[in-house]
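Try each task before reading its solution.

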Amino acid sequence: MFMQKLALPTILIFLLSSVVNAQDERTEYKLIDTGVLNHSTLGKGILMIIVPEPMPEGGIHGEIVQQAMPGICNFYAPNVIPYVMKKTETEDPEFVGVRINSSSKSVDQYVMQAYQIAQNECGAPLN
């Protein structure tokens, strides 16, 4: 996988780092980066990298994070998809991906879920 990183303007990060609640209302799912991802099987898509703070029970592989992913995707996608497409001159991305990192460090564990794109929102899961 190759990702073209794209930093969001500070104001957009501030607006989008609002709380996305899952079953654990203490956890904030913060958008820390976006970009274009060239995936070996899914093709070219838009990636949103998210870090939960604090880590919910079960960690990134737990049920809470898995159940939260569609809501996280739909919370951020309407702003992130058009922003990344414009800034990178990307036309017709094949998917939008939500990658939940275990931390904001460059070397960490993550889980990723890709979704179809339906009018700048997240559609059905792809993988």
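Buried means under 20% relative accessible area, and exposed means over 50%. Keep in mind that this is a predicted model.

**Exercise 1.** Decide whether Thr-27 is buried or exposed, and find which backbone oxygen its side chain reaches.

*Solution.* 
- Locate the residue. Thr-27 sits in the loop that joins α1 (10-16) to β2 (28-39).
- Apply the cut-off. Thr-27 has 0% relative accessibility, so it counts as buried.
- Follow the side chain. The Thr-27 side chain reaches the backbone oxygen of Pro-54 at 3.2 Å.

**Exercise 2.** Decide whether Glu-63 is buried or exposed, and name the side chain that Glu-63 contacts.

*Solution.* 
- Locate the residue. Glu-63 belongs to helix α2.
- Apply the cut-off. Glu-63 has 56% relative accessibility, so it counts as exposed.
- Look for a partner. The side chains of Glu-63 and Gln-67 make a polar contact (2.8 Å).

**Exercise 3.** Find the residues over which pLDDT stays under 50.

*Solution.* 
- Start with the whole chain. Its mean pLDDT is 84, and 80% of its residues reach 70 or more.
- Pick out the stretch. Over residues 10-22, pLDDT stays under 50.
- Check its contacts. For residues 10-22 the model has 27 contacts beyond four places in sequence.

Technical notes. Residues numbered from 1 in each chain as written. Heavy atoms only, no water. Helix = DSSP H or I, 4+ residues; strand = E, 2+ residues; numbered from the N terminus. Buried < 20%, exposed > 50% of the residue type's maximum accessible area, 1.4 Å probe, protein only. Polar contact = N/O pair within 3.5 Å; in protein donor to acceptor, adjacent residues only side chain to side chain. pLDDT = per-residue confidence, 0-100. Contact = heavy atoms within 4.5 Å.
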